[in-house]
Amino acid sequence: MNAADDSEVNNEVAADDLNNIQIEYHPSAAIPSQKIPFTEFTRGHRPRAYKPDLSTDPWYPFQSHLDFEFAELVLETALNKEQVNHFLKLLKSVHSTTEAFTINEYNDIQNTWKAASHCMTAFKKEVVCIDGVDGEPHKFVMYYCSLWDWVCNLLKHPNIGPHFVVDVQHLSKFNSSSFIHFIDEPWMADKLWNIQSKLPPDGKVLLFILYTDKAKLSSFGRQKGYPVVAHLANLPMSIWNGEGIGGGHVVGWLPIIFKEYSGKPQFANFKNAVWHELFRKLLQTVEKKSETGCWVNCWDGVARHFFPVILILSADYEEQAVMALICGVKLNFPCPICLIPCDHISEFPAQCELRTSENVLKALREACSQDTLEKREQILIQQGLHDIDSTFTVIANTDVYHALSWDHLHANFTGKFGDHLWAELLRILDKAGHQAMARVEKNFSEMPHWHMLNHFEEALSISYTDGQKLEDLSKIVVFACHNILLQNMKKEGYLLLCCLRAYIEFDLYMNSLAVGWEVVSTFNVLMQKYAEKTDNTKKNWNFLKNHTCMHVFDDIKAKGVTRNFNTKPNEKMHGPLKEKYQKHTNFKNVAQQILDVDHLKAVSELIHCRISDYEAYMETNMQSTTGSNTNNAEHEDFFHVRLGSQIKQPLTLEAIEQRGMIDKSFMQFCMKLNKLLNRYFEVTQKPLLGGKCIQLQVNHEITEYQYIKVNFESTVDWCQYTDHLCCYDCDVHLNLWRAHEQPWESAEIFSVKSIICSALLYPDHTRPGKHLVVDTIDTDIFLHVQMMHKAAGHH
């Protein structure tokens, strides 16, 4: 998603600038600004071809590719020593391939993995002794790997390195009159520009995103882990937020302090002190380099002077409170970002004092300067702070309160929607009676299946903890309820429906800085009306997760759009960790076992990457030697429309027209097809074969496809996305767009190349023959429909 701040970058534009993208580099980069045609920019970054190291086999230290594939299979399936040795005996008895297979026993695999493990940064184990609240020393184990070694491996990687953005950029798109600045990636945002301005002229910033949260490893959550995940935001989001080399990487494993310590006084202070002391071990691997910088010979042989900073801390509220040194949600100032009083968190003041490392340190020093313990505690309680040293002060150009970021997953999907709006909807439907609930349930089940959208057969009877399911429910709930909670602003049901619509509009408009504040204000006005109307229910609408969204726009301007700091992609990494726990451990002292397997998985991914690069290079060499045409491959990478699910047996046009006896949309199919084809040649001014009009006959055959994949340029971030297709009036308050159903016999034939993108339609149960456009599926279709509303004069 892009965040447009509507600032005009340059009013002096040429006529051929229409839709161009302008890139302005930081002055220290000494790179002149560039203008890129929109058609080139939307295609994104193509992998740069390079020659792999041919002096060593890509599967080294394995003796052959086959050896590596077998070892990888063993790792994936978690076979034990006895199973592997038995499997090898069977393989040897049927072995017939010409490729070398040198593994004879389990130890051969283990020794080779050990030899390969140096390819990736290994974990260290460190035992830290900290005095507890009882005065006795307590030992805690911290596992971590060097952040610096990990990032250097990426900088030197021949396939990942070329994607690095080492200089901050400001991007703008021409809107027919001027260039408008927009923000997407972290390296397009204000924070990095400001940091690079403080560095030496040759200084480059390395942007770390750190995430941490407890993960349930066992099925019932009795066994938990505490991973720390790192991303490098100098890479494109598609890489650093993806899987494999360059994606999120587990760099640490914190201990969980169990309840045997919790009964003591000052336990919370002790627990936070332990967290910061152990997290410091991880940060110390880049501490000195953040102050002085460090030169690295990169993928292209060029030495660059890098300064690591922590740009984003991605975490839920519990972890944010620990990072911010605050005592939790019940204190006087519960927000980790600002100093808004707890009894005013439902308000959205234009100005609110922000926390900074400087003013928090000042408050702690004031507390420590008091002559009595009582006075000291009084100040700490008033400020809601723990009197401990923050670990984040060791990293230069990093303020923990600027790095803490709005948590989209827990604040919106599981918080504002799941815990509050959805819960209220269930209460109202329950009060409306069984028949109303059954109709809403039926409406949910009738929502058409759609790519990347959960389908709900029983939406109301299930308790949800999955943020993705709650997100998908929020996208379709208005459409499922619009004919049940009928239009009457005096009734709480319809008022809640308006709140739900305003909520999803805020969620979709969030990354538009120009409109975002207006939308969130509309939502809050509706929520205040609803709170007043339902005051008798004693529902508390003064909750922190509603307040935190007032900080999202500052976060976007500083760090890029919300997907850059959303916890949802990181929480998906809990699944693989849980799988490693269940498959690869003996369920005792599991941290070391899980991290050992995770390390080998990373080594496996690296070898896989080398093999893929090697095979691609050899294939390209073979094609150039034989003179094969490679243009087709490039064309396929950036197709506009691709057909699939081909019906094997071609049909005659006569057979298709016979369908018109049952389905009127096929009536006069042959005539319509002839008309389309002739019109195509007329419009494109291409010569007709023999100079005669096309006149297909009923005995001509046609191939049927039942699936279309369409690439389109998004209006959100101007890059290419894919839709999957399987084969107007407006509601004033709910802002819905209706499409009129046409008679089947008026069906038209058109070229699939004219498809721009797809839209999901849902039957309007209040008006037979009409459908509602489900514009809440994603931000792109939402913005398209908003433009339609504007053109129709609905706003």
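Residues are numbered from 1 along each chain as its sequence is written, and side-chain values use heavy atoms, with hydrogens and water left out. Because the model is predicted, local features need pLDDT of at least 70 and side-chain atom pairs count only at pLDDT 80 or more, while totals for chains, interfaces and linings use all residues.

Start with the whole. The protein has 27 helices and 22 strands. Helices (H or I, at least four residues) and strands (E, at least two) are DSSP runs, numbered from the N terminus. Of its 795 residues, 48% are buried. Buried means under 20% relative accessible area, with a 1.4 Å probe and protein chains only. The protein exposes about 39800 Å², and carbon and sulfur atoms supply 52% of that area. Accessible areas come from the Shrake-Rupley method with a 1.4 Å probe.

Now find helix α26, residues 669-684. Its 16 residues should span 22 Å at 1.5 Å a residue, where the expected span is 1.5 Å times one less than the number of residues. The end C-alpha atoms of α26 are 23 Å apart, which agrees. Its buried residues are F669, C670, K672, L673, N674 and N678. Their cover includes α25 (653-658) and β17 (701-702). Just after α26, Q685 takes a positive phi of about 60°.

Last, turn to H170. This residue lies in strand β6, residues 169-174. H170 is buried, because its relative accessible area is 15%. Leaving out residues up to four places away in sequence, H170 touches Q22, I23, E24, H181, M188, A189, D190 and W193. Contact here means heavy atoms within 4.5 Å.

Conventions: Buried < 20%, exposed > 50% of the residue type's maximum accessible area, 1.4 Å probe, protein only.
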